[in-house]
Amino acid sequence: MHNFRRIGVLTSGGDAPGMNAVIRAVTRYALSNGVEVFGIYEGYKGLMSGNMKLFSDHDVSNIINRGGTILYSARSKEFVTEEGLATAIKTCRDNKIDGIVAIGGDGTFRGATDLTVRGLPCIGIPGTIDNDITATDYTIGCDTAMNTTIEMVDRLRDTSESHARCSVVEVMGRNSGYIGLYAGIAVGASAIFVPEFKFDENEVINKLVRSKKYGKRNFIILISEGLGNFGEEFARRVEEKTEIETRFARLAHVVRGGAPSLRDRVIGSEMGVAAVKLLLSGKSNRVVCMRKDKICDEDISYALTLDRMFKGKLKPEELDGYSDEKVAEMRDFCAAKRAEMERVYRMNMDISK
Ligand code: F6P
């Protein structure tokens, strides 16, 4: 088994509330097990340039409550080249870094796999507000982002009620409708539009007209950014066809900032410890996951393949290394995940006005 002396921790891709809880847990757990920790700044970019600091317990004090990431983040194009990867590996060799904990989304995990196959053990931790990593039920930051969305939309509801208006609100999530769906239910949205499911906008417009007739004054419609410019255009059509004054609001990066929720701090801490345990027990190329409220782990390459299958991006040859049974298991997993989301989506249709 590998004898770890030093590990590195980095955050990459879009930042997410709760990343600091992970950094703190990784650092504290490693130090208390006799392993030194380099905090690597600006993700893989910092790994290439050697922008890092040997952390003490004190360096991660007073950060669990802070939004963003104290290690900063970046998306590096250079890192994905052969040269970039070689530079990153050299930085690790020169600084005696024996393993990396990489916190981020699917791009971050691809980077972790690339380093692992070049001899540097890596463990991934899902950190993105989008909750769009198929292998895990939860990604750090999503809970805070959804709670912030609720807070913002509740405010919009106050003013919409005063003026008898409709607020069409677009929320982040990249191609995933997870934030839109769950925050939409939580704010009592009249309708939710997400990229995962087909919808009939005329049905929604008719519903608004009916509800207005019965005296409803405010209307909230949640739209996921994955639908492109649909939100802004739909807001215009709502006003035109219903004669309800309508305003469009894009929450954008506002929901990515702010103090992390309890859930993001606690799950972040648990995942940080789990990642260090995996490295110290000689595992690599694993991603820490949460399934049915339990922390577990999965092979990163498998997780990425599963992810592409779920998102309909899989090339047939990517399944070559898997047995028929495994492929069937993957398909069932993806189908169950989609079915659960659809159940929640349809449930909201039955209770929204
Ligand atoms: O992946 C997190 C996320 O906030 C997405 O929801 C959004 O589409 C994207 O990042 C925005 O990226 P950027 O911060 O580069 O504008």
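Okay, let's start with a pair: glutamate 201 and arginine 237 join their side chains in a salt bridge, 2.7 Å from N to O. By salt bridge I mean a side-chain nitrogen of Lys or Arg within 4 Å of a carboxyl oxygen of Asp or Glu. This pair links distant parts of the chain, with glutamate 201 in helix α7 (residues 201-213) and arginine 237 in helix α8 (residues 230-242), 36 residues apart. Helices (H or I, at least four residues) and strands (E, at least two) are DSSP runs, numbered from the N terminus.

Quick word on what you're looking at: this is a predicted model, where local features need pLDDT of at least 70 and side-chain atom pairs count only at pLDDT 80 or more, while totals for chains, interfaces and linings use all residues. Residues are numbered from 1 along each chain as its sequence is written, and side-chain values use heavy atoms, leaving out hydrogens and water.

Back to our pair: is glutamate 201 buried or exposed? Glutamate 201 counts as buried, at 16% relative accessibility, and arginine 237 as partly exposed, at 24%. Buried is under 20% relative accessible area, exposed is over 50%, and partly exposed is in between (1.4 Å probe, protein chains only).

How many salt bridges does the whole structure have? A search finds 23. One of them is between glutamate 36 and arginine 6, at 2.8 Å from N to O. Glutamate 36 sits in strand β2 (residues 36-40) and arginine 6 in strand β1 (residues 6-11), so this pair ties together parts 30 residues apart in sequence. Glutamate 36 is partly exposed, at 35%.

Then there's glutamate 170 with arginine 250, whose closest N and O atoms are 2.9 Å apart. Here strand β6 (residues 165-171) holds glutamate 170 and strand β9 (residues 245-250) holds arginine 250, so parts 80 residues apart in sequence get tied together. Glutamate 170 is buried at 7%, whereas arginine 250 is partly exposed at 42%.

Now, the helix pair. The axes of α4 (residues 106-117) and α10 (residues 300-310) come within 10 Å and cross at roughly 145°. Those axes are lines fitted to C-alpha atoms, for helices over the stretch in contact, with angles running from 0 to 180 degrees between N-to-C directions. Who makes the contact, meaning heavy atoms within 4.5 Å? From α4 it's Asp106, Phe109, Arg110, Ala112 and Thr113, and from α10 it's Ile300, Ser301, Leu304, Asp307 and Arg308.

Notes:
Contact means heavy atoms within 4.5 Å.
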